[in-house]
Amino acid sequence: MKKQITSEPGPEDIKHTQSQTGEGFVSENIQDDAVFGEIREGDTNYRDVSWMGTTALMIKAQIGLSVLSMPKVFDILGIVPGIIILLTIARMTSWSNWMVGVFKLRHPSVYGIDDVGKMLFGRVGFELSGAAYTLCECSRSYRNLPVALT
């Protein structure tokens, strides 16, 4: 049995159908999240970002954090060693991003350093890791204060 070959359909032959975007994707309606707060319809929901979207966001953050220091690094090291160092650091940060993602998939209730401390050492680890992180951030802010004032 042979199929009949027909010519290309015209615009009047094309039927309109409803969009099938998101079909097969099952997601519960999230009203409140411990990290992102209240999630409303129509707002950006970072919990449903695809892996490609997450990759784009992570690369954007890495480039944004390093773009101001790259001219000085290339000036000191030169172009070839600078590119080698840049690619090495990119590989290290990509690996650490991968490890954080794997950990987060295995432990969805962990949101920060203090939660990791609680998971490993109980209440004492929660308090110590939270205090250590706070001290680290305060010292970093204090170190950057003279730079910000100049």
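Guide: One term to start with. A charge sits over a ring if NZ of Lys or CZ of Arg is within 6 Å of the ring centre and within 35 degrees of the ring normal. Also, keep in mind that this is a predicted model.

Visitor: Okay. Which residue lies over the face of Tyr111?
Guide: Lys104 does. The distance to the ring centre is 3.9 Å.

Visitor: And what sits over the ring of Phe126?
Guide: That is the charged end of Lys118. From there to the centre of the Phe126 ring is 5.6 Å.

Visitor: How many aromatic pairs are there?
Guide: The structure has 0.

Visitor: Let's zoom out. What is the protein built from?
Guide: It has 4 helices and 2 strands. Starting at the N terminus, the order is β-β-α-α-α-α.

Visitor: How much of it is buried?
Guide: Buried residues are 7% of the 150 in the protein.

Visitor: What comes after α2?
Guide: Gly78 follows it. The phi of Gly78 is positive, near 100°.

Visitor: Which residues make the nonpolar surface patch?
Guide: Val73, Ile76, Leu77, Ile85, Ile89 and Met92. The patch covers about 540 Å². Two elements, α2 (70-77) and α3 (79-106), each give two or more residues to it.

Visitor: What does UniProt annotate at residues 73-90?
Guide: An unreviewed UniProt entry labels residues 73-90 "transmembrane region". In the model, that span is 94% helix and 0% strand. Its end C-alpha atoms are 15 Å apart.

Visitor: New topic: charges. How many salt bridges does a search of the whole structure find?
Guide: The search finds 1. Side chains of opposite charge can pair when their charged atoms come close. Here, Arg123 and Glu127 form the bridge, at 2.9 Å from N to O.

Visitor: How far apart are Arg123 and Glu127 along helix α4?
Guide: They are 4 residues apart in α4 (residues 113-149), so about one helical turn separates them.

Visitor: Is Arg123 buried or exposed?
Guide: Arg123 counts as exposed, because its relative accessibility is 58%. Glu127 has a relative accessible area of 40%, so Glu127 is partly exposed.

Key: Residues numbered from 1 in each chain as written. Predicted model: local features only at pLDDT ≥ 70, side-chain atom pairs only at ≥ 80, totals over all residues. Heavy atoms only, no water. Patch = residues over 30% accessible without salt bridge, like charges linked within 9 Å, V, L, I, M, F, W, Y side chains within 5 Å. Areas by Shrake-Rupley, 256 points an atom, 1.4 Å probe, with all protein chains shown as cover. Salt bridge = Lys/Arg side-chain N within 4 Å of Asp/Glu carboxyl O. UniProt positions renumbered as here; feature names shortened; annotations may be inferred. Phe/Tyr/Trp six-rings, centres within 6.5 Å; stacked < 30°, edge-to-face > 60°. Buried < 20%, exposed > 50% of the residue type's maximum accessible area, 1.4 Å probe, protein only.
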